[in-house]
Amino acid sequence: MGKIEWAMWANEQALAAGLIYATGGIVGVAGQFRGWQFACFGIAAGVFVCLLEYPRSKRGKGTSVERTGQYCFTVCVKAFGPLTRNYYVRAFLHAALCVPGGFMLATVLGCVCLGIGSLIYLSAAIHGEHWEPILPRREPPKRVGDSIKEPPQNPPPRPPPEHRRKKADKLEAAAYDNPMSVTVNE
Amino acid sequence: MGNFAANEGLSIFVILVWLGINVFLFVYFYLAFLIERYYYTRVILGHALSWARAPAACLNFNCMLILLPVCRNLLSFLRGSIQYCSRTAARQLDRNLTFHKLVAYMIAFHTAIHIIAHLFNFERFMDSQLMINSSYLPYVLSQMGNNDNRSYLNPIRTNETNPTIVMFTTIAGLTGVVITLALILIITSSMEVIRRSYFEVFWFTHHLFILFFIGLVLHGVGRIVRGQTLESVKVHNPDECHSQFETWGKNGTNCPEPVFAGNPPMTWKWVVGPMILYVCERLVRFYRSQQKVVITKVVMHPSKTLELQMKKKGFKMEVGQYVFIQCPSISQLEWHPFTLTSAPEEDHLSVHIRIVGDWTQALYTACGGDKTVVMDAWTLPKVAVDGPFGTASEDVFRYEVVMLVGAGIGVTPFASVLKSVWYKHVQENKNVFTKKIYFYWLCPETQAFEWFADLLQSLERQMMEKDMSDFLSYNIYLTRWKDAEAAHFRVQYEAEDDPITGLKQKTLYGKPNWDNEFSAIATQHPGSKVGVFLCGPMALATALGKQCFSHTESGTEFIFNKENF
């Protein structure tokens, strides 16, 4: 547990805000409230924010926990390069997206939550954090076939000499049986 | 099946009762707003009124409940009283945090319904102010009370406004925004990822609950939910008079103008009790933290483990309990939980702390961990201890046969148990109910053995002296090793003492075959209740839980207890 990576909390907050924004928008459109155009925008912005925020970033220190099925989102978000990598861009993007929500009651909550998320992202950016994709580690493919063709170069590992000597009083317990009887050179 | 009921039955019952009360409150308050008094309110709002009031009642109930599971001193007190009646009931109190989270999710759910219903309410109130037409009942109703400030129905008093502005200028609206924001911030910072990585963010943001409760109590002060007064209903029956709205109050009608009033705030009645209990809880914690604690010994163990031995006047504990430790010189606000590794029979209390983060690292430095000279007692930092708080390990001695399973650092509560066992049998010679202990320790690395190995070695010696070597049967499993270490183990295979722990019983490699272990124990002890205690990761808990269910057969009953920090 070291210093907080603000981006992690900003990510949770922005994802929640996206859901709230979209829900408020759906209510506004379904109930045909005054200003339903803002509600439509709310749905679109909410869904966009959810898609952007779904893939978690790789942590600077420590193990990163992926969200279920986030790999395809990671690939899409990664494709935008510096736009999604930089948290200043994200902070300003969220701030801009949240403003129209303030014009209609149904989307106000989404607007404020997204605004808070934007502030936390700004804090993350000031602390120098950035978004890193979590990609599966590519292990080098195991080469099974090659080693069979070549004879071993080194003798097999054996315990050090003092252990190889059979103890006189433990002959029966000795693990190593000679294939032919050993006789003293006469 | 019987074991399942024994383990989980009471929890499921409690959850069902809680859900049942929620459903009852929802339906009851939904119907309570379909009565005559609210006829005219419903003319404007329709059923959205009931859809807002029903979750409000559930919110009152759940906000009352949410403070109770986190009053740990109260729970300890309850646990002490209950455990004389029923062990199972007392064990439910271990699941307080799970219940707290469930209630929190329910609060979030009902908040969502409440807000959506109110969105419709605001819109409909606004509509009825804007449809300026004296033949339109909602408009007529909205004009009532224009002369005096008390008897209006529609909280939106003018048509030159919009719902957003109304929300920010009414008490209910403003407090609603504040408490919803507080709730959302609390929830996002309580996500497991944040909680396990940056506990401080979780803990400090969680204190927004104070704002939440203040806002909650003030939320109804504006009396924005309005209906006809009872006196007005007596003289003006809505069912008969609603169609004659154009002639209300005029000469010759028997329908005087209806008079409206707001409902008084009710929430405070629900939450004032738990709020007082919680304030008492914090006061108790503060009082306990002021009691003097002296560090008598500091031991640095090789596996980045710090052992602190402390003395506190009047401190009483039982096996496997935990305490919260605060070090004001490191942080005034942080209290961290640690399992006690000392036995109740000892004259001091000890904890073994693994150094993983900021706070533990700072504690290590403050206790002179990186210095080689001996430190004077007065240079050691002042600490405060709150507790002890109860956990499942207290039940260990109530079983005849006991299986203790600890993974890695999860073995700490059992250190306390084993020490207590040693004291009870060897020194005090009491008639102990527990006849046999099977101890399993799963460890990923050899270094972690160091401090515990000493304890096991001394126990082994003592038991051999007292001729009781079959009282405790322990199995240590090394679950991970490097190739270089493996070579060393192979070499030392024939040595008499184990190369890692120095104990007579050899360390086993890999994970235990639980099926075999449980079968062996079941055969050895037919017809008895075997208590299975685990301190370790969830995956192991599931595996052991399954084994308990499947091996509980004729006679032998395996009862599973799990603790997790």
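Author: A definition comes first: a contact means heavy atoms within 4.5 Å. This is a predicted model, in which local features need pLDDT of at least 70 and side-chain atom pairs count only at pLDDT 80 or more, while totals for chains, interfaces and linings use all residues. Residues are numbered from 1 along each chain as its sequence is written, chains are lettered from A and ligands numbered from 1 in the order in which they are written, and side-chain values use heavy atoms, with hydrogens and water left out.

Reader: Is B:Asn73 buried or exposed?

Author: B:Asn73 lies in helix α4 (residues 72–82) of chain B; helices (H or I, at least four residues) and strands (E, at least two) are DSSP runs, numbered from the N terminus. Setting aside residues up to four places away in sequence, B:Asn73 touches B:Glu281, B:Val284, B:Arg285, B:Arg288, B:Asp386 and B:Phe389. Buried means under 20% relative accessible area, exposed over 50%, and partly exposed in between (1.4 Å probe, protein chains only). Because its relative accessibility is 12%, B:Asn73 counts as buried.

Reader: Where in chain A does UniProt place the feature "transmembrane region"?

Author: UniProt positions are given in the numbering used here, feature names are shortened, and annotations may be inferred rather than shown by experiment. In the model, residues 12–30 of chain A are 100% helix and 0% strand, with end C-alpha atoms 27 Å apart. Residues 36–54 of chain A are 95% helix and 0% strand, and their end C-alpha atoms are 26 Å apart. The unreviewed UniProt entry places the feature in chain A at residues 12–30, 36–54 and 92–122.

Reader: Why does A:Gln32 count as exposed?

Author: A:Gln32 is in the loop between α1 (6–30) and α2 (36–53) of chain A. Its phi is positive, about 50 degrees, although A:Gln32 is not a glycine; most residues other than glycine have a negative phi. A:Gln32 counts as exposed because its relative accessibility is 67%.

Reader: Which residues have the most contacts inside the largest nonpolar core?

Author: A nonpolar core is a set of buried Ala, Val, Leu, Ile, Met, Phe, Trp, Tyr and Cys residues joined through side-chain atoms within 4.5 Å. The largest one has 65 residues, and those with the most contacts inside it are A:Tyr87, A:Leu114, A:Tyr121, B:Tyr40, B:Leu141 and B:Trp248.

Reader: Which helix gives the largest share of this core?

Author: One of the residues with the most contacts inside the core is A:Tyr87, which touches A:Tyr121 and A:Trp131, among others. The largest share of the core is twelve residues, and they come from helix α6 (residues 105–126) of chain A.

Reader: Which residues touch B:Thr479, apart from its neighbours within four places in sequence?

Author: B:Thr479 lies in the loop between β11 (472–478) and α19 (483–491) of chain B, and at 26% relative accessibility it counts as partly exposed. The C-alpha atoms of B:Thr479 and B:Glu445 are separated by 7.5 Å, although these residues are 34 places apart along the chain. Apart from those neighbours, B:Thr479 is in contact with B:Leu442, B:Cys443, B:Pro444, B:Gly510 and B:Lys511.
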